[in-house]
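Me: I've got a structure to go through with you. Can we look at how the helices pack, then at the cavities and pockets?

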Amino acid sequence: MTTTNGMVESANNTEYVYIAAGDINGLLRGKRIPFNQMDKAESGGVRLPLSILGVDIWGADVIESSQSNGDIDAIARPTGRAAYPLLNTSSPSSLLPVWLYTEDNEPYYGDARHVLDYISKRFKELGLTPVMATELEFYLVDYTEGETPKPPIRPKSGLRLNKTSILSINDLLQFDEFLDEIYAQCEKLDIPVDAALAENGCGQFEINLLHVDDPLKAADDAILFKQVVKSVAARRKLTATFMAKPFGTQSGNGFHVHCSLLDKDSNNVFDDGTEAGSDMLRHAVAGLLATMSDCTLLFAPHVNSYRRFTPGTLAPNNVSWGYENRTAAVRIPGGDTKARRIEHRVSGADANPYLVCSAVLAGMLYGIENKLEAPEPINSITYDEANLKTLPLDWLSAIREFENSDLIDSLFPTEMIELLTAVKKQEAKRFALQVTNLEYLTYLQDV
């Protein structure tokens, strides 16, 4: 027996369903209902406060966004993604992804999924379909609260990882059961998993997702993928972290987005048969460069995000592009011209996938609609190029640039802009009030 749209089989003894939407930081928030109320949830009968999407990273209300409208409820409608079984719950449970609508059945643009849908539809109006894929990096760590995270113990040898080992087959073999379970869970959830590799950091991995011709699905996949990785790690008494820079002396966790565009006949408009690619490709690149600095807060939304922008770590910190250049913010991969695409490399893995994909598409659209011309590509190490514009390299600068940008106002719905700005200001204020132990060690006795 299944529910009306086949989302959850009652035969699996599901007892509870978690109704969840992604907040402005990309964290899932909602409520638990008994399975016998699933029909109500599927028909949009469940309501959630609009304010849950605008809480800060600690889950605290942001007064400007939660109380200005009386903290009203919204209609929680299923996204169309099947409810999926949850791991590590005491009772058999599933999670139903939803997005929020106003009482008038209008999209609420404080919901980042609606923002991505809004921008995707603008491509449809041009007869174009974005094809997107994501690459997410994460660390496996052995973590006890209050202590410094440690590299995990190799399951087969029993020895703790103690060195960086990029693309190590041995590390993949040591953690093959962990990877196997991730792949198995992703297959159940229709998340198209591709290659896995051991990254440069100690205990760091990257798993790539395949291209899909629906930006909403690409972002949904990224959100659900992070949940799968964390759940599978927890079953092994480990923590999987997508922090942008969990260790100051090791590689950060990136979130790279690949994108191409198809016309109505499913032709890749970036491919003109040459290695350089089409004029449309260069217009899109130019738009990404023109909007990149203003959009930095979407790619690096947390105080820790800016630790990742360290020269020499293949994390871009300037406005740049090039062919097959991994030091550039925008890279054009080589290979078959039929697969000509853009790789956007600025975002950290801590960012909200809906907002990252929205910013990438909005930048491309801005360049295409205005027929912007890209500067000459850079095929050398971009960190050595003194004439390149630097991205905002600290959190407060990125917040100010985002808030004061006329360009941002023209690209995104007002609700999202105001909500994200209010949340980030509140978070920044709390961090500013914290005096670190390093400051005490450095200054307490000597100044």
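This is a predicted model: local features need pLDDT of at least 70, side-chain atom pairs count only at pLDDT 80 or more; totals for chains, interfaces and linings use all residues.

Me: Is the crossing of α5 and α6 left-handed or right-handed?
Reply: Right-handed.

Me: OK, α6 against α9 next. Where do their axes cross in angle, and within what distance do they come?
Reply: They cross at roughly 145° and come within 8 Å. The crossing of α6 past α9 is right-handed.

Me: Which residues of α6 and α9 make the contact?
Reply: α6 brings Pro215, Leu216, Ala219, Asp220, Ala222 and Ile223. α9 brings Pro353, Tyr354, Cys357 and Leu361. By class, the contact of α6 with α9 has nine nonpolar residues, one charged and no polar.

Me: What about α3 and α9? At about what angle do they pack?
Reply: About 25°, with the axes 9 Å apart. α3 covers residues 112-125 and α9 covers 353-369. So α3 is roughly parallel to α9.

Me: Left-handed or right-handed for α3 and α9?
Reply: Left-handed.

Me: Which residues meet there, between α3 and α9?
Reply: On the α3 side: Ala112, Arg113, Val115, Leu116, Ile119, Ser120, Arg122 and Phe123. On the α9 side: Tyr354, Leu355, Cys357, Ser358, Leu361, Ala362, Met364, Leu365, Ile368 and Glu369. The contact of α3 with α9 divides into 13 nonpolar, two polar and three charged residues.

Me: Switching to cavities. How many of 30 Å³ or more are there in the whole structure?
Reply: Three. The largest cavity has a volume of about 130 Å³.

Me: Which residues are closest to the centre of the largest cavity?
Reply: Leu28, Pro97, Val98, Asp220 and Tyr354, out of 16 lining residues. Asp220 and Tyr354 also take part in the contact of α6 with α9.

Me: Which elements each supply at least two residues of the lining of the largest cavity?
Reply: β1 (16-22), β6 (93-101) and α6. β6 gives the most, four residues. By class, the lining of the largest cavity has 10 nonpolar, two polar and four charged residues.

Me: How about the second largest cavity? How much space lies in it?
Reply: About 50 Å³. Its lining is Ile24, Asn25, Leu297, Leu298, Pro301, His302, Asp350, Ala351, Asn352, Leu355 and Leu420. The lining of the second largest cavity has seven nonpolar, three polar and one charged residues.

Me: Now pockets. What volume does the largest pocket have?
Reply: About 810 Å³. The largest pocket has 27 lining residues, and Ile57, Thr241, Met243, His302 and Asp350 lie nearest its centre. His302 and Asp350 also line the second largest cavity.

Me: Which elements give two or more residues to the lining of the largest pocket?
Reply: α6, β10 (239-241) and α12 (414-432). α6 gives the most, with four residues. The lining of the largest pocket has 16 nonpolar, seven polar and four charged residues.

Me: And what volume does the second largest pocket have?
Reply: About 490 Å³. The second largest pocket is lined by 28 residues. Nearest its centre lie Glu137, Glu199, Glu206, His256 and Arg345.

Me: Which elements give two or more residues to the lining of the second largest pocket?
Reply: Strands β7 (129-141), β8 (193-198), β9 (204-209) and β11 (255-262). The largest share, three residues, comes from β9.

Me: Last one. How does the lining of the second largest pocket divide by class?
Reply: Seven nonpolar, 11 polar and 10 charged residues.

Technical notes. Residues are numbered from 1 along each chain as its sequence is written. Side-chain values use heavy atoms; hydrogens and water are left out. A crossing is left-handed if the near helix is turned anticlockwise from the far one by less than a right angle, and right-handed if clockwise. On a 1 Å grid over the protein atoms alone, a cavity is a set of points where a 1.4 Å probe fits but cannot get out, and a pocket is an open set with protein on both sides within 12 Å along at least five of seven lines; lining residues have an atom within 4 Å of a point. Grid points are joined across faces, edges and corners, and a volume is the space filled by probe spheres set on the points. Ala, Val, Leu, Ile, Met, Phe, Trp, Tyr, Cys and Pro count as nonpolar, Asp, Glu, Lys and Arg as charged, and the others, Gly among them, as polar. Axes are lines fitted to C-alpha atoms, for helices over the stretch in contact, and angles run from 0 to 180 degrees between N-to-C directions. Angles under 35 degrees count as roughly parallel, over 145 as roughly antiparallel, 65 to 115 as roughly perpendicular and the rest as oblique. Contact means heavy atoms within 4.5 Å.
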